[in-house]
Amino acid sequence: MTLETIVHQEDQKNIANMSAQSPIIPLLTPYKMGKFDLSHRIVLAPLTRQRSYNNVPQPHAILYYSQRTTKGGLLIAEATGVSDTAQGYPDTPGIWTKEQVEAWKPIVDAVHAKGGIFFCQIWHVGRVSNTGFQPNGQAPVSSSDKPLTPQPRANGIDVARFTPPRRLRTDEIPQVVNDFRVAARNAIQAGFDGVEIHGAHGYLIDQFMKDQVNDRTDQYGGSLENRCRFALEIVEAVANEIGADKVGIRLSPFANYMESGDSNPHALGLYMADSLNKYGILYCHMVEPRMKIVGEKSECSESLLPMRKAFKGTFLVAGGYDREDGNQAIAENRADLVVYGRIFLANPDLPRRFELNAPLNKYNRETFYTSDPVIGYTDYPFLEE
């Protein structure tokens, strides 16, 4: 037996002993995402909080995001509008004006001061809007003129009503692509490390991809390739503007949010995962098939594994994960990073709690979208408290 073999066996024994003493927690192992060194694999989900009055980020967001920042942790900012036609909810932030860019800067600085990595999620709601949110009271735009039926709000009491949309003309589409490009540039100007393109949950990009909504007859409708064209043009424009190494995209092929379902979600997810490789973007963030409707897990035989295998970059998963199945997803190599929403909202120190397997604060759904700058926002207690 060589000395090398003996040393190797000793090393293996030491690792085994260490593991026996303190079992490795997969979610808390480091990960290299492109040029970013992550210290763990727990990601803050992009969570709409509706506290950016008049679409301008507010100083109270400094505390909210810095509370949830760990050194080497990845945070994705709440969905941020790319233009004045992109809005569909009260008090959501934008990044199309100079004032908005300036307002984001101290928030981003606070995350960086604690060693966090911060991406801005850029979105356009499309038909999930009404004339009250639109410039000059115009109709919202979409891939189609199919109206969206009234939807119960997240609080389960109020009902959201939508104005029938106006179908974007073929010659107008490059302008919307350009809005995403400019928003990405603005995000980098505000100090963000990168952007996540919001291509999920029934918003504009999803309205083009899904055949339940898209009934176009031009080059953006019909075949799967045509329906995905708009999404991929945005990816290309954004990657060219800020660098593919700073670009992620969020997709929910299996979801049917806002009446945006697809007849073959598996093919859609696979086509997108494969097509994204051409642009060499940093990550793909996919929502689990079990999340067919907002906030509710359902039994599901479908899996994201084929998309995970097809996509060459970092693969993020989201959708009702807890500590145990998050660890399992990493251990079984079904994902590189796991994205947490509601429980990260209620537990600003989530990575620490996962490390200690400590009990979690319960989230209060009733205060998710209130406009209070403290309640349901920065008042969830830390473990030490």
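The questions and answers below concern a predicted model and take up helix packing and then a pocket.

Q: At what angle do helix α2 and helix α3 pack, and is α2 roughly parallel or roughly antiparallel to α3?
A: Helix α2 spans residues 60–67 and helix α3 spans residues 98–113, and their axes lie 8 Å apart. The two helices pack at an angle of about 25°. Because angles under 35 degrees count as roughly parallel, α2 is described as roughly parallel to α3.

Q: How do the residues of the contact of α2 with α3 divide into nonpolar, polar and charged?
A: On the α2 side, Ala-61, Ile-62, Tyr-65 and Ser-66 take part, and they meet Trp-104, Pro-106, Ile-107, Ala-110 and Val-111 in α3. The residues of this contact divide into eight nonpolar, one polar and no charged.

Q: What is the handedness of the crossing of α4 and α6, left-handed or right-handed?
A: Helix α4, residues 173–189, packs against helix α6, residues 224–242, at an angle of about 35°, with the axes 9 Å apart. Among the residues that meet there are Phe-180 and Arg-181 in α4, and Phe-230 and Glu-233 in α6. The contact residues divide into 11 nonpolar, no polar and four charged. The crossing of α4 and α6 is right-handed.

Q: Why is α6 described as oblique to α7, and at roughly what angle do their axes cross?
A: The axes of α6 and helix α7, which covers residues 265–276, come within 11 Å. The axes cross at roughly 40°.

Q: Which residues of α7 make the contact with α6?
A: The crossing of α6 and α7 is right-handed. From α6, the contact draws on Leu-224, Glu-225, Cys-228, Ala-231, Leu-232 and Val-235. The residues of the contact divide into 10 nonpolar, one polar and one charged. Those that α7 supplies are Ala-267, Leu-268, Tyr-271, Met-272, Ser-275 and Leu-276.

Q: About how much space lies in the second largest pocket?
A: The lining of the second largest pocket includes Glu-288, Arg-290, Cys-300, Tyr-321 and Arg-334. Its lining residues divide into six nonpolar, one polar and five charged. The space in the second largest pocket is about 240 Å³.

Key. Residues are numbered from 1 along each chain as its sequence is written. This is a predicted model: local features need pLDDT of at least 70, side-chain atom pairs count only at pLDDT 80 or more; totals for chains, interfaces and linings use all residues. Side-chain values use heavy atoms; hydrogens and water are left out. Axes are lines fitted to C-alpha atoms, for helices over the stretch in contact, and angles run from 0 to 180 degrees between N-to-C directions. Helices (H or I, at least four residues) and strands (E, at least two) are DSSP runs, numbered from the N terminus. A crossing is left-handed if the near helix is turned anticlockwise from the far one by less than a right angle, and right-handed if clockwise. Contact means heavy atoms within 4.5 Å. Ala, Val, Leu, Ile, Met, Phe, Trp, Tyr, Cys and Pro count as nonpolar, Asp, Glu, Lys and Arg as charged, and the others, Gly among them, as polar. On a 1 Å grid over the protein atoms alone, a cavity is a set of points where a 1.4 Å probe fits but cannot get out, and a pocket is an open set with protein on both sides within 12 Å along at least five of seven lines; lining residues have an atom within 4 Å of a point. Grid points are joined across faces, edges and corners, and a volume is the space filled by probe spheres set on the points. Angles under 35 degrees count as roughly parallel, over 145 as roughly antiparallel, 65 to 115 as roughly perpendicular and the rest as oblique.
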